[in-house]
Amino acid sequence: MRRFFKSFGYAFSGIAYAFKTQLNFKLHIIALLLVVAAGWYLEVTTQESLWLIMAVGIVFITELVNTAIEVLVDFVSPSHHEKAKIVKDVSASAVLFAAFIALIIGMIIFIPKIFYAA
Ligand SMILES: Nc1ncnc2c1ncn2[C@@H]1O[C@H](COP(=O)(O)OP(=O)(O)OP(=O)(O)O)[C@@H](O)[C@H]1O
């Protein structure tokens, strides 16, 4: 049991590291708060909420993995290297891709509601 809580502690320190060092992580949290507020105000259904949770989830997961990859690359290749650039660029593109999918899901759910509410 103690081991279980310890591993939670490690995971939370990873989240804290991403929050402290990554501007994008802070922006994702602001986006999350906006999505929660909009979802509450525009009364999203349970099914829509599940899609929004998935959308937000993939963004946070890719951002955390991207942060880990950045740290690893800086550790193994502190000097400029073509392969290090490719690893970081591909990793960053995963975040971009996830954010794009989340944006599309958000637009599909919120745009009709905004027009309906207006
Ligand atoms: N060691 C390296 N060798 C080659 N290119 C690198 C290296 N480190 C970074 N780069 C290039 O610079 C870009 C930005 O790298 P950086 O580590 O600053 O990422 P970032 O997304 O700006 O991260 P952070 O959020 O920490 O500022 C990378 O996508 C890559 O193209």
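**Confidence**

This is a predicted model: local features need pLDDT of at least 70, side-chain atom pairs count only at pLDDT 80 or more, and totals for chains, interfaces and linings use all residues. Residues are numbered from 1 along each chain, as its sequence is written. The term pLDDT is the predictor's confidence in each residue, from 0 to 100. Across the chain it averages 95, and 99% of the residues score at least 70. Among the elements of the chain, α3 has the highest mean pLDDT (98) and α1 the lowest (92). The model's ipTM is 0.88 and its pTM is 0.91. Helices (H or I, at least four residues) and strands (E, at least two) are DSSP runs, numbered from the N terminus.

**The core**

A nonpolar core is a set of buried Ala, Val, Leu, Ile, Met, Phe, Trp, Tyr and Cys residues joined through C-beta atoms within 7 Å. A residue is buried if 20 or more other C-beta atoms lie within 10 Å of its own, exposed if 12 or fewer, and partly exposed in between; C-beta atoms are placed from the backbone. The largest core here has nine residues: Val35, Leu52, Ala55, Val56, Val59, Val95, Ala98, Ala102 and Ile109. Helices α3 (46-76) and α4 (82-117) each supply at least two residues of this core.

Which residues does Leu52 contact, leaving aside neighbours within four places in sequence? They are Val35, Gly39, Val44, Ile105 and Ile109. Contact means that the two C-beta atoms, placed from the backbone, lie within 7 Å.

**Annotated spans**

An unreviewed UniProt entry lists residues 27-44, 50-73 and 94-116 as "transmembrane region". UniProt positions follow the numbering used here, feature names are shortened, and annotations may be inferred rather than shown by experiment.

**Two annotated residues**

The unreviewed UniProt entry also gives "binding site" for Arg3 and Glu63. They are spread over 61 residues of sequence, and also in space, up to 26.2 Å between C-alpha atoms.

Arg3 sits in helix α1 (residues 2-21). Is Arg3 buried or exposed? Arg3 is exposed, because 7 other C-beta atoms lie within 10 Å.

Glu63 belongs to helix α3. Glu63 has 21 C-beta neighbours inside 10 Å, so it counts as buried. Not counting residues up to four places away in sequence, Glu63 touches Ala18, Gln22, Asn24, Phe25, His28 and Val95.
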